Amino acid sequence: MDLHHDPSCPFCLIEEGKAPAFLIHNDARTMSFLDIRPFAEGHTLVIPRIHIELFSDLDHDTLASLFIAASEVARLLKRRLGVDGINVLVNEGKVAGQVVPHVHIHLIPRKPGNEPIFTERVQAEESTLEDLRQKITVG
Ligand code: AMP
Ligand code: ZN
C-alpha cells in the first residue's frame, strides 16, 4: 500500500500523474500548478508530494521544502508575469475554507488597485490581547 498518497485526494492524483494539471514547477518534494478556479491571473498552488491534510501537521523537512518552492514560484510569477505583489495563504481546516484535504500554499498575484484580502479591522482592547496571549502561551 502507498502510504504517501490518498486515492480519493485530487492533489495526490495530480502528483501521481493520474489527473492533469498545469504544472509550473517541480522538485523532489513539491509540485506547483495553476489553480483551475483562480482568484487572480496566475493563481498558483504549491503542494508537498506526500499526502498530509493540515499545515500544522507538517514535518520540518516538508515544511521547509514547501516554503522554499513557494518563494521560488513567487519569484517566477513576478519575473514572468510582471506581478507586483502576491498574497501567500494557507487555509487550515474546513472552517477556514480548506476544501482540498491536502496541504497547499496559495500564491495569489495582486495588482495595484486590487482590494486587500484583509478588509478594514477594529483595534482590540489591550486586556483582550493580554488574555489571549496568556491562553496561547501559558501552561
Ligand atoms: P482550498 O479552499 O484552500 O482547499 O483551495 C483549494 C483550491 O484548489 C481552490 O482554489 C480550487 O480552485 C483549487 N483546485 C481544486 N481542484 C483543482 C485541480 N484539479 N487543479 C488545480 N486547482 C484545483
Ligand atoms: Zn493528497
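I started with the largest pocket and got a volume of about 500 Å³. I ran this on a 1 Å grid over the protein atoms alone; a pocket is an open set of points where a 1.4 Å probe fits, with protein on both sides within 12 Å along at least five of seven lines, and lining residues have an atom within 4 Å of a point. The volume is the space filled by probe spheres set on the points, which are joined across faces, edges and corners. There are 21 lining residues, and F11, D35, I36, L45 and V100 are the closest to the pocket's centre.

**Ground rules.** I'm on a predicted model, where local features need pLDDT of at least 70 and side-chain atom pairs pLDDT 80 or more, while totals for chains, interfaces and linings use all residues. Residues count from 1 along each chain as written, chains are lettered from A and ligands numbered from 1 in written order, and side-chain values use heavy atoms, without hydrogens and water.

**Lining.** I sorted the lining by class: 13 nonpolar, six polar and two charged. (Ala, Val, Leu, Ile, Met, Phe, Trp, Tyr, Cys and Pro count as nonpolar, Asp, Glu, Lys and Arg as charged, the others, Gly among them, as polar.) α1 gives the largest share of the lining, three residues, and β2 supplies at least two.

**Ligand.** Next I looked for ligand 1, and it sits in the largest pocket (more than half of its atoms lie within 2 Å of the grid points). I count 15 residues around ligand 1, with D35, G97, V99, H104 and H106 the closest; the cut-off is a heavy atom within 4 Å. By class, this shell has eight nonpolar, five polar and two charged residues. α1 (10–15) and β2 (30–34) each put at least two residues into the shell.

**Polar pairs.** I kept N or O pairs within 3.5 Å. A side-chain N or O of H104 is 2.7 Å from a ligand 1 oxygen. Backbone atoms come in too: V100 at 2.9 Å from an oxygen of ligand 1, and I36 at 3.3 Å from a nitrogen.

**Fold.** Last, I noted three helices and five strands, in the order α-β-β-β-α-β-β-α from the N terminus. These are DSSP runs, numbered from the N terminus: helices H or I of at least four residues, strands E of at least two.

Definitions and conventions: A polar contact is a pair of N or O atoms within 3.5 Å; within protein, one must be able to donate a hydrogen and the other to accept it, and residues adjacent in sequence count only if both atoms are side-chain atoms.
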